[in-house]
Amino acid sequence: MEAATALDLVEAMAAVAVVVGSAELLTLRSEFASDGLLSAEITARFRATNARSRLARRLGPALVRPPVVAAAVVVRLLAGAALLAALAARARPSPWLLALILAATLVVHHAMVFGLNAADQMVLVVFAGATVAEAGLALDRDALVLGGLGFVAAQAGLAYFVAGVAKLAGPAWRAGDAVRAIVDTTAFGLAPVSDALHRSASAARAASFVVVAYEVAFPVVFLLPVEAAAAYLGVGLLLHLGIAAVMGLNLFLWAFAAAYPAILHVAWRW
Amino acid sequence: MAEAMVLGLLGAWFGVTVLNQLGRRPLAAPRWMRAVSALPNWRLFAPNPVVSDHELLYRDRLADGTVTPVRHLALRQRRRPWHLLWNPRNRTAKVLTDCLKAFHELHRHDPDLDLRATIPYAIVARHVLRQPPVGPVGTHRQFVVARAEGLGARRLVAVVLTSEYHRLP
């Protein structure tokens, strides 16, 4: 997959994650009030207590003030929408637009002591890599293009591999009980799926083993021919679709899928 | 030169991310990277998957000293088809479960620690105190953090933390 095509797809899916994630945060803006779950007052206290330098003690609490955070969320939403519009018009987005999304994302992350997840972290690394790669295209510097896309691909490869290897250390995953236990929770479960997995112990075990096997074997994707790598990633896409539907983790789908074209580009370059 | 610096930064970022997965605190990672959650933890649902839910309950004490029945505070919405694309309450539920998990961790590391002085306690307490009254308006409110496993008839619940009575605002 050519660099420009890969970058278009990376940016499009990451932009969807940014737009949806920012719009969701806007609906939760009351939570940034002093008695809210994302209380700016508590976050400011936390940042001030944990800051070591004088600059961090001054800047930290200032950056979590509700108007600053609200502005960052709105900028992130609008910049994400502008990125989608540019890609739809087949225009090459400015690296500054991506850098703006990256900066706004950093401000939003800084305002949240709790509540961030791996999808947020993936969006951050994707925009860091995409900004560098987009700058590389603009400046005609191939090393930056490959470096940016390679960074995204490497982080995604590491994410799946670490998740898989860490699961091997867990007794519930090794016994094949983990997926059934997860869907048994109200936080990440769904009653019909839970019931189905309680009816079929073999299906429950298979679900756990498939997840672990897929994640542990993930680095192989970099060695496969591009068509086979695409097929492997297609399975990953289905996995994330299932996770979104069953576990309600909607942003994981866009955040992790955004890294797939970068992986295909790296596999194609090899 | 600038190109090499940018690529070096990305390489360093990836390097400290790898170290972060090993459970070591990377000395080279600046504190601000943690402050903006730029050091990913890729150990998703591992080694031990989430097998239990945290539940939050509260009750009010009235001016005459009587105590109301307990009310269950739902942390998560019932799953709907559109949550596949749009699920904002997932974020607030994550904040609460992160806080409740933090109680466990803090208590495990230091059983003598006064949890009321911690950030997660402050977040949960403020959230509980802004909830509507249970019956008549009381003067104080107490909350309970419980841990539940299983769904429907298979559900088992155990109390993790009982707060003192907090004066209602």
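1. In this predicted model, the largest nonpolar core holds 118 residues. Within this core, the residues that touch the most other members are Ala14(A), Ala17(A), Val126(A), Val152(A), Ala258(A), Ala259(A) and Ile263(A). In soluble globular proteins, nonpolar side chains tend to be buried together.

2. Ala258(A) deserves a separate remark. Setting aside its neighbours within four places in sequence, Ala258(A) is in contact with Val10(A), Met13(A), Ala14(A), Ala17(A) and Val126(A). Three of these partners, Ala14(A), Ala17(A) and Val126(A), are also named among the core residues that touch the most other members.

3. Glu215(A) belongs to helix α11 of chain A, which covers residues 201–216. Is Glu215(A) buried or exposed? Glu215(A) counts as buried because 24 other C-beta atoms lie within 10 Å, and the cut-off for a buried residue is 20 or more.

4. Which residues does Glu215(A) contact, leaving aside its neighbours within four places in sequence? They are Tyr160(A), Phe161(A), Ala163(A), Gly164(A) and Lys167(A). As for Gly164(A), its C-alpha atom is separated from that of Glu215(A) by 4.6 Å, although the two residues are 51 residues apart along the chain.

5. The two chains meet through 53 residues of chain B, in contact with 60 residues of chain A. On the side of chain B that touches chain A, at least two residues each come from α1 (2–21), α2 (31–35), α3 (89–109) and α4 (119–129) of chain B. The most is given by α3(B), with ten residues. By class, this side of chain B has 29 nonpolar, 13 polar and eleven charged residues.

Notes:
Residues numbered from 1 in each chain as written. Chains lettered and ligands numbered in written order. Predicted model: local features only at pLDDT ≥ 70, side-chain atom pairs only at ≥ 80, totals over all residues. Helix = DSSP H or I, 4+ residues; strand = E, 2+ residues; numbered from the N terminus. Buried ≥ 20, exposed ≤ 12 C-beta atoms within 10 Å, placed from the backbone. Contact = placed C-beta atoms within 7 Å. Nonpolar A, V, L, I, M, F, W, Y, C, P; charged D, E, K, R; others polar. Core = buried A, V, L, I, M, F, W, Y, C linked by C-beta atoms within 7 Å.
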